[in-house]
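Hello,

Here is the structure for you to take over. My notes on what turned up follow below it.

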Amino acid sequence: MNISGLNIHDNTFTSLGGAGRYQAIYINPDIGQGLATIEDNEFGGAIRRAIATERSNVLIKENTLSTELGFGDSNQAIAIWNFYGIDVDDVEVIDNIINDFATGVQVNFQGFGVGTNGILINENTIVGNN
């Protein structure tokens, strides 16, 4: 599948409570080379992970992310991963507001020789995180 051109914007993601925790947006690897954008969204409530990507060419910009979970819940606001052992290049995390997560931005790459070119984390406000 090719999700090039995907644009997730101007949404509000909120937990309705209860014992469960949720992941709002997860982008898995795909065959596309074009840009996918996550921009101007709000995330709140009992969030385990607000945004996770294992895809190259992703822009995560101007989102507001906060959680009600404690630091012991090992949650991340934004996660950039390569658990499939493939290159993850050209991911930009720009001008987001991140509050009260265990980890504000997690970059986790596994596998020898896996490419990680062009990972940019810039101009974010990250406060109250563990």
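Aspartate 95 sits in the loop between β10 (91-94) and β11 (97-99). Strands here are DSSP runs (E, at least two residues), and helices are runs of H or I with at least four residues, all numbered from the N terminus. The model is predicted: local features need pLDDT of at least 70, side-chain atom pairs count only at pLDDT 80 or more, and totals for chains, interfaces and linings use all residues. Residues are numbered from 1 along each chain as its sequence is written, and side-chain values use heavy atoms, with hydrogens and water left out.

Back to aspartate 95. Its phi is positive, about 60°, although the residue is not a glycine. Most residues other than glycine have a negative phi. Aspartate 95 is partly exposed, because its relative accessible area is 35%. The cut-offs: buried is under 20% relative accessible area, exposed is over 50%, and partly exposed is in between (1.4 Å probe, protein chains only).

Glutamate 62 also has a positive phi, near 55°, and is not a glycine. This residue is in the loop between β7 and β8 (64-66). Its relative accessible area is 30%, so glutamate 62 is partly exposed.

Asparagine 63 lies in the loop between β7 and β8 too. Is asparagine 63 buried or exposed? It is buried, because its relative accessible area is 1%. Its contacts (heavy atoms within 4.5 Å), leaving aside neighbours within four places in sequence, include Asp40, Phe43, Asp95 and Asn96. A polar atom of the asparagine 63 side chain lies 3.4 Å from the backbone nitrogen of aspartate 40.

Searching the whole structure gives one aromatic pair. Phenylalanine 13 and phenylalanine 43 have ring centres 4.8 Å apart and planes at 5°, so they are stacked. Phenylalanine 13 is in strand β2 (residues 12-14) and phenylalanine 43 in strand β5 (residues 42-44), 30 residues apart, so the pair links distant parts of the chain. For the terms: rings of Phe, Tyr and Trp (its six-membered ring) pair if their centres lie within 6.5 Å; planes under 30 degrees apart count as stacked, over 60 as edge-to-face, the rest as tilted. Phenylalanine 43 is buried, with a relative accessible area of 3%.

Now glutamate 54, in the loop between β6 (47-53) and β7 (58-61).

Aspartate 90 is in the loop between β9 (76-81) and β10. Its C-alpha is 7.5 Å from that of leucine 120, 30 residues apart in sequence. Isoleucine 121 is in strand β13 (residues 120-122). Its C-alpha is 9.7 Å from that of asparagine 96, 25 residues apart along the chain.

Best wishes

Definitions and conventions. A polar contact is a pair of N or O atoms within 3.5 Å; within protein, one must be able to donate a hydrogen and the other to accept it, and residues adjacent in sequence count only if both atoms are side-chain atoms.
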